[in-house]
Amino acid sequence: MAAAGEEASGGRDKYRSFMYGEGEKDTVWRLGSPPNYDVVNKLFEEERTKEWPEGSLEEKVQRLLKTWEMELVHKVRPEDQKSVHSQKFCSSTNGMRFLNRKDLMAIGSYNAFLQTKLPPEHRIYDPDKETLESGMATFLTAFPRGFAIEVLDVYSGPPRIVFKFRHWGHMEGPFMEHPPHGERVEFFGICIFHVDEEMKVEKAEFFYERGNFLASFLSAPAAAATDVASGSGCPVMGGN
């Protein structure tokens, strides 16, 4: 998925495509230019549990995941997003309703990923009350070194790619009214990418334990180190 025209020196992110080069000359970026992932890439390299060979299926899926996430967050116009199918793309979390690109672009990736059926009074974070901007600000503040993601296993290849992932950061800033505890906050999940013959995502389905993830901001998760070492953590979860 390396984008044509990207250059290795100062013009290419090691883990994401479609950021630089001729193909991105007209791209409208949310912050005016391509994002700099140096800090979160450093966290990823220091704390990842898998290092996949370049060109392997696992590496390709991980690159697709990171590119998809980057484009959703940082590219303002849907037509600039090259990792997804221009007409068919939709996404759901924990079996909730599918959102199309217009929906996702309106509410933002964090609010889409944290959709819930819980009553408002029981929500640690309420995506229905947050905007795209406030959602981004909340998690960027809590994770000043970024929110790293890695692919742990790929269970099936295209056109229906099923894989397990790990998403983590260090709570070194406040989360809403909760003070930072400095520990790692993470979760494990399962994702299904339905892709076309060009490896563009037509449909994405994510499953993870939302409640445990958000509860980790309230107090330091005691079992984090054990889970990483063992590769445990339930990958398929309820819809809370």
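## Cysteines

Cys191 is buried, with a relative accessibility of 0%; buried means under 20% relative accessible area, exposed over 50%, and partly exposed in between, for a 1.4 Å probe and protein chains only. Cys90 also counts as buried, at 17%. A disulfide is a covalent bond between the sulfur atoms of two cysteines. Here a disulfide is taken as a pair of cysteine sulfur atoms within 2.5 Å, and by this rule the count is zero.

The model is a predicted one, in which local features need pLDDT of at least 70 and side-chain atom pairs count only at pLDDT 80 or more, while totals for chains, interfaces and linings use all residues. Residues are numbered from 1 along each chain as its sequence is written, and side-chain values use heavy atoms, with hydrogens and water left out.

## Cavities

Two cavities of 30 Å³ or more are present in the structure. On a 1 Å grid over the protein atoms alone, a cavity is a set of points where a 1.4 Å probe fits but cannot get out, and lining residues have an atom within 4 Å of a point. Grid points are joined across faces, edges and corners, and a volume is the space filled by probe spheres set on the points.

The largest cavity holds about 60 Å³. Among the residues that line the largest cavity are Arg30, Leu72, Val73, Leu104, Met105 and Tyr110. At least two lining residues come from each of α2 (57-74), α3 (101-107), α4 (109-113) and α5 (132-142); helices (H or I, at least four residues) and strands (E, at least two) are DSSP runs, numbered from the N terminus. The second largest cavity has a volume of about 40 Å³, and its lining consists of Trp68, Glu71, Leu72, Gln81, Ser83, Val84 and Phe89.

## The largest pocket

A pocket is an open set of points with protein on both sides within 12 Å along at least five of seven lines. The largest pocket comprises about 880 Å³ of space. It is lined by 43 residues, of which Glu69, Val73, Ser109, Tyr110 and Phe147 are the closest to its centre.

With eight residues, α2 gives the most to this lining. By class, the lining of the largest pocket has 29 nonpolar, nine polar and five charged residues. In this scheme Ala, Val, Leu, Ile, Met, Phe, Trp, Tyr, Cys and Pro count as nonpolar, Asp, Glu, Lys and Arg as charged, and the others, Gly among them, as polar.

## Gln81

Where does Gln81 lie? Gln81 is in the loop between α2 and β1, and at 7% relative accessibility Gln81 is buried. Leaving aside neighbours within four places in sequence, Gln81 is in contact (heavy atoms within 4.5 Å) with Glu71, Leu72, Lys75, Arg101 and Met105. Gln81 and Thr27 are 54 residues apart along the chain, and their C-alpha atoms are separated by 8.9 Å.

## Backbone features

The peptide bond from Pro158 to Pro159 is cis, with omega near 15°. Pro159 belongs to the loop between β3 (148-156) and β4 (160-170).

Met176, a residue other than glycine, has a positive phi, near 55°. Met176 is located in the loop between β4 and β5 (184-195) and is partly exposed, with a relative accessible area of 36%. Met199 likewise has a positive phi, near 65°, and lies in the loop between β5 and β6 (201-208).
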